[in-house]
Amino acid sequence: MSGKEIPGHVLKTGWVYKRSDYRREWRKRYLNITTGDVPLIYYHRDLNDAPTSIESLAGSEVTAVSQSENFYHFTLQFAPYAPYVSSKGSSSRPGKSWTIGCYTNDERRQWLEAVLNAKLPADQQVWTNPLLASAKAQINNAASEQPAAGGVDSLVTAAAAAAAAAAAATATAAATATAAATATA
């Protein structure tokens, strides 16, 4: 990523839709959620640019979770007078909110989990996706020793590959047992 690097461990990144403040139009944005000394959420208009806006998740609240026409969204209210950094520099202003939308309920749930877990210590985070929970545990263990190469995505991919290999081995063993039982009958 070019532009300013953000400190902390990345919990979730990806494309979402953010409702604009003035025209109330949905615009595609690349969102990042990090945890560290201060949990942060930030977005890029273009992935190659520096973050457009960076907000602290400390003191933030999810104030609405809704659905409209197969589009799932939630509103994140930031703490009043929270410091923030925009492309124009640092400032402080009354709390603002972002409305973030996704095409699936599962995708919205993942973003909500990341927002809520970013504010918690690693040992108190709760993830409903077992592969993601396993990957987060591996990251937390690796972070105490050294930074994880490849981040969350590579660990999730590795965990998924391990789960698929275990499922394939189980299926092969069941097929072998069935064939053996059929041959002896």
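Me: What separates Glu113 and Arg109 in helix H1?

Reply: About one helical turn, because the two are 4 residues apart in helix H1. A helix here is a DSSP run of H or I with at least four residues, a strand is a run of E with at least two, and both are numbered from the N terminus. This is a predicted model: local features need pLDDT of at least 70, side-chain atom pairs count only at pLDDT 80 or more, and totals for chains, interfaces and linings use all residues. Residues are numbered from 1 along each chain as its sequence is written, and side-chain values use heavy atoms, leaving out hydrogens and water.

Me: What makes the contact between the side chains of Glu113 and Arg109 a salt bridge?

Reply: The rule asks for a side-chain nitrogen of Lys or Arg within 4 Å of a carboxyl oxygen of Asp or Glu. Glu113 and Arg109 come to 3.0 Å, N to O. So the pair qualifies.

Me: How do you know that Asp106 and Arg109 meet in a salt bridge too?

Reply: Their N to O distance is 2.3 Å, inside the cut-off, so this pair also counts. Asp106 and Arg109 are 3 residues apart in helix H1 (residues 105-118), which means about one helical turn between them.

Me: How many salt bridges does the rule give?

Reply: The count is 3. One of them joins the side chains of Glu25 and Arg27 at 3.2 Å, N to O. Glu25 is partly exposed at 35%, and Arg27 is partly exposed at 31%.

Me: Why is Ser60 called buried?

Reply: Its relative accessible area is 5%, so Ser60 falls under the cut-off. Ser60 sits in the loop between strand E4 (53-56) and strand E5 (61-68). Beyond four places in sequence, Ser60 touches Leu76, Gln77, Phe78, Ala79 and Lys119, where contact means heavy atoms within 4.5 Å.

Me: What does the side chain of Ser60 reach?

Reply: The backbone oxygen of Leu57, at 2.7 Å. A polar contact needs two N or O atoms within 3.5 Å; within protein, one must be able to donate a hydrogen and the other to accept it, and residues adjacent in sequence count only if both atoms are side-chain atoms.

Me: What makes a group of residues a nonpolar core, and how many residues has the largest?

Reply: The members must be buried Ala, Val, Leu, Ile, Met, Phe, Trp, Tyr or Cys, joined through side-chain atoms within 4.5 Å. The largest such core has 19 residues, and Leu31, Ile33, Ile41 and Leu57 have the most contacts inside it. Helix H1 gives the most, with 5 residues. Away from its sequence neighbours within four places, Ile33 contacts residues including Leu40, Ile41, Leu57, Trp111 and Ala114.

Me: How do you know that E6 and E9 pair?

Reply: Pairing takes at least two DSSP bridges between two strands. E6 and E9 have 6 and run antiparallel, so they pair. Tyr72 has Cys102 in E9 as its bridge partner. E1 and E9 also pair, antiparallel, over 2 bridges. There, Lys18 is partnered by Ile100 of E9.

Definitions and conventions
Buried means under 20% relative accessible area, exposed over 50%, partly exposed in between (1.4 Å probe, protein chains only).
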